Amino acid sequence: THSLTHSTSLRPLGEVMTSVRVYGADGLSQKVAISQYTFHKRPAPKPQPLPFEILVHAHSKRAVIVRRVDSLFQFHPKETVTLKAIGSAVMLAVGFADFIRENSHHTVTLSTRTSLVELIDDYSPLAEDLPPLVQVRKAACVAISLTRSV
C-alpha cells in the first residue's frame with residue numbers, strides 16, 4: 001500500500017488541490033495528478049453505545065438530546081449519562097452538555113475526556129498502472145459525562 005501526503009499550506013479560497021505526492025515503500029516520492037483517482041471516504045468507527053451513552057451526530061437536535069438525558073436521569077438519577085461525539089459534532093455535544101448543565105440550575109456536573117481517532121480515506125486509481133492510495137487523518141472525539149447531584 002502506498003501512502004499519500006499533500007501540502008497543508010493555505011491555498012486561496014476556491015483553489016482546488018490538483019496533485020498529491022505519493023511515497024512508495026522504497027521511500028521515493030512522485031507527484032501524481034489527483035484527477036487520476038476516485039476518492040472514497042471510509043465511514044468513521046461507530047461503537048455501539050452503552051445504555052447510558054448518547055451518540056451526538058452533526059445533525060442531532062438539541063431538544064431530542066435534552067429529552068433523552070432528562071428521561072435517563074428521571075428513571076436512573078444516580079447514573080452518569082455520557083454524550084459522545086466525533087469530528088464536527090464535538091462542538092454540538094459541548095453545547096448540548098452546557099445547555100443541560102445551565103438548565104439544571106447547576107445540579108448536573110460535567111466531566112470531559114478528549115481523544116483522537118484515525119480516519120482512513122481510499123483513493124482508487126482510474127488507470128491500471130497507478131497504485132491504490134490510502135490517506136490517514138485524525139479527528140477529534142469527546143466524551144462528556146453528566147452526573148446529577150441529588
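## Pocket lining and helix packing

Strand S7 gives the lining of the largest pocket its largest share, five residues. The structure is a predicted model. Besides S7 (108-125), strand S6 (80-86) and strand S8 (133-148) also take part, and each of these strands supplies at least two residues of that lining.

The volume of the largest pocket is about 480 Å³. The pocket is lined by 23 residues, and those closest to its centre are Pro 45, Pro 47, Ala 85, Ile 86 and Cys 141. By class, the lining comprises 15 nonpolar, five polar and three charged residues.

A second topic is the pair of helices. Two packed helices are described by the angle between their axes and the distance between the axes. Helix H1 covers residues 62-75 and helix H2 residues 90-103; they pack at about 55°, and their axes lie 10 Å apart. That angle makes H1 oblique to H2. The crossing of the two helices, H1 and H2, is right-handed.

On the H1 side of the contact are Arg 62, Ile 65, Val 66 and Val 69, which meet Phe 96, Phe 99 and Ile 100 of H2. Six residues of this contact between H1 and H2 are nonpolar, none is polar and one is charged.

Methods
Residues numbered from 1 in each chain as written. Predicted model: local features only at pLDDT ≥ 70, side-chain atom pairs only at ≥ 80, totals over all residues. Heavy atoms only, no water. Axes fitted to C-alpha atoms, helices over the stretch in contact; angles between N-to-C directions. Helix = DSSP H or I, 4+ residues; strand = E, 2+ residues; numbered from the N terminus. Parallel < 35°, antiparallel > 145°, perpendicular 65-115°, else oblique. Left-handed = near helix turned anticlockwise from the far one by under 90°. Contact = heavy atoms within 4.5 Å. Nonpolar A, V, L, I, M, F, W, Y, C, P; charged D, E, K, R; others polar. 1 Å grid on protein atoms, 1.4 Å probe; cavity = no way out; pocket = protein on both sides within 12 Å on 5 of 7 lines; lining within 4 Å. Points joined across faces, edges and corners; volume = space filled by probe spheres on them.
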